[in-house]
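Hi,

Here is the model I promised to pass on to you. Have a look at it first, and then read on for my notes.

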Amino acid sequence: MDLDLRKVRYFTAVAEQLHFGRAAGRLHITQPVLSRQIRALEKDLDAPLFERDSHGVTLTPAGRQLLDDARQLLAAADATRRRVRRAARGPRRLVVGFRAGVVVTPVLRAFGAAHPDVAVHARRVEWDDQERLILDGTVDLAYVRRPIHERGLTLLPLFTEDRVAMLPARHRLAGKRDLALADLAGERWLRCADPLRDDVPIRTVEEKFECVAAGTGITLVPASVAEQYSRPDIAHVPVRDAEPDQVFLAWAASHRSPLITEFARTARERA
């Protein structure tokens, strides 16, 4: 029996909420209807997906496995829908994502000159949504930086760049020509990828700048970011033994398009 994507969407809502009532509200359906759909999915898969008791709802091992696969499955389905609708609209279009500091204009111009019939657009992506926007079809491909969740993606290494410490302008190390990581021992670092429970999440470079300028903490950024976003209340000092930042071009592994192949070739030549 084919897997019903509607039931998978219902399952994902319950798995993320771990509450049938809240999931039903999110899906704009009644709870009895949702319960029947989940039971039907369990029957289709011949596997229990949830444990239900007086303490609430938890995922079974089969449910955890389905949740891992469901997110990518649904993202792929959404991406397919976007691409089909885009093709039906007529003129070809390519949406290219990019991270802060990465200049994509020369590649977009070169690609546009070679493909005048293709409308090329650039869209900013952030560290916490770069993979999702590729996999769900919001962008066709993107310039991304590590850390990267590689599942479902094809990655093309393009270039590396040095990283610099971002410090308040009045910091004791702000006037140094360069630093080693050991010089920064004991400093308070901004926690972006793994914030503590009471931390305010930091998503963008601009938010990092505000935190550094306020003395909340310090961080490392690629040199290109420091060059593009300089401001007088923040100092940038090269860190000679910091691991270089690597930039990749990424696209969905399932998305086989001549336009993506041609853009990747152009990007590699211009890297």
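A word on terms before the sheets: two strands count as paired if DSSP finds at least two bridges between them. Helices (H or I, at least four residues) and strands (E, at least two) are DSSP runs, numbered from the N terminus. Please keep in mind that this is a predicted model, in which local features need pLDDT of at least 70 and side-chain atom pairs count only at pLDDT 80 or more, while totals for chains, interfaces and linings use all residues. Residues are numbered from 1 along each chain as its sequence is written, and side-chain values use heavy atoms, with hydrogens and water left out.

**The sheets**

Three strands make up an open sheet with antiparallel pairing, in the order S8-S7-S9. Strand S8 (219-222) and strand S9 (234-238) are its edges, each pairing on one side only. On average, neighbouring strands here are turned by 40° against each other, direction ignored. Angles run from 0 to 180 degrees between N-to-C directions, and axes are lines fitted to C-alpha atoms, for helices over the stretch in contact. Strand S7 (residues 163-168) runs antiparallel to S8 and is joined to it by four bridges; Ala165 has Leu220 in S8 as its bridge partner. Helix H7 (residues 205-213) packs on this sheet and touches S7, S8 and S9, its direction making about 50° with that of S7. Contact, here and below, means heavy atoms within 4.5 Å.

Another open sheet has five strands in the order S4-S3-S5-S10-S6, with mixed pairing. Its edge strands are S4 (118-124) and S6, each of which pairs on one side only, and the twist averages 20° from one strand to the next. Within this sheet, S5 and strand S10 (residues 245-252) run antiparallel and are joined by five bridges. Tyr143 has Leu249 in S10 as its bridge partner.

There is also a hairpin, formed by S1 and S2 with two residues between them. Strand S1 (residues 50-53) pairs with strand S2 (residues 56-59) in the antiparallel sense over four bridges, and Asp53 stands opposite Gly56 in S2.

**The helix contacts**

Helix H1 (residues 5-17) and helix H2 (residues 20-27) have axes that come within 8 Å and cross at roughly 130°. H1 and H2 are therefore oblique to each other. As for the cut-offs, angles under 35 degrees count as roughly parallel, over 145 as roughly antiparallel, 65 to 115 as roughly perpendicular and the rest as oblique. On the H1 side the contact is made by Arg9, Tyr10, Ala13, Val14, Glu16 and Gln17, and on the H2 side by Phe20, Arg22, Ala23, Arg26 and Leu27. These divide into six nonpolar, one polar and four charged residues. In this scheme Ala, Val, Leu, Ile, Met, Phe, Trp, Tyr, Cys and Pro count as nonpolar, Asp, Glu, Lys and Arg as charged, and the others, Gly among them, as polar.

H2 also meets helix H3 (residues 31-45): their axes come within 9 Å and cross at roughly 100°, which makes H2 roughly perpendicular to H3. Phe20, Gly21, Ala23, Ala24 and Leu27 in H2 touch Gln31, Leu34, Ser35 and Ile38 in H3. This contact has six nonpolar, three polar and no charged residues.

Helix H5 (residues 105-114) packs against helix H9 (residues 258-270) at an angle of about 130°, with the axes 10 Å apart, so H5 is oblique to H9. Val107, Leu108, Ala110 and Phe111 in H5 meet Leu259, Glu262, Phe263, Thr266, Ala267 and Arg270 in H9. By class, seven of these residues are nonpolar, one is polar and two are charged.

**Some local details**

Four aromatic pairs turn up in a search of the whole structure. Phe11 and Phe50 form a tilted pair, 5.4 Å centre to centre with 45° between the planes. Phe11 lies in helix H1 and Phe50 in strand S1, so the pair ties together parts that are 39 residues apart in sequence. Rings of Phe, Tyr and Trp (its six-membered ring) pair if their centres lie within 6.5 Å; planes under 30 degrees apart count as stacked, over 60 as edge-to-face and the rest as tilted.

Most residues other than glycine have a negative phi, and most peptide bonds are trans. His28, in the loop between H2 and H3, has a positive phi near 60°. The peptide bond from Arg146 to Pro147 is cis, with omega near 5°; Pro147 is in the loop between strand S5 (141-145) and strand S6 (153-161).

Best wishes
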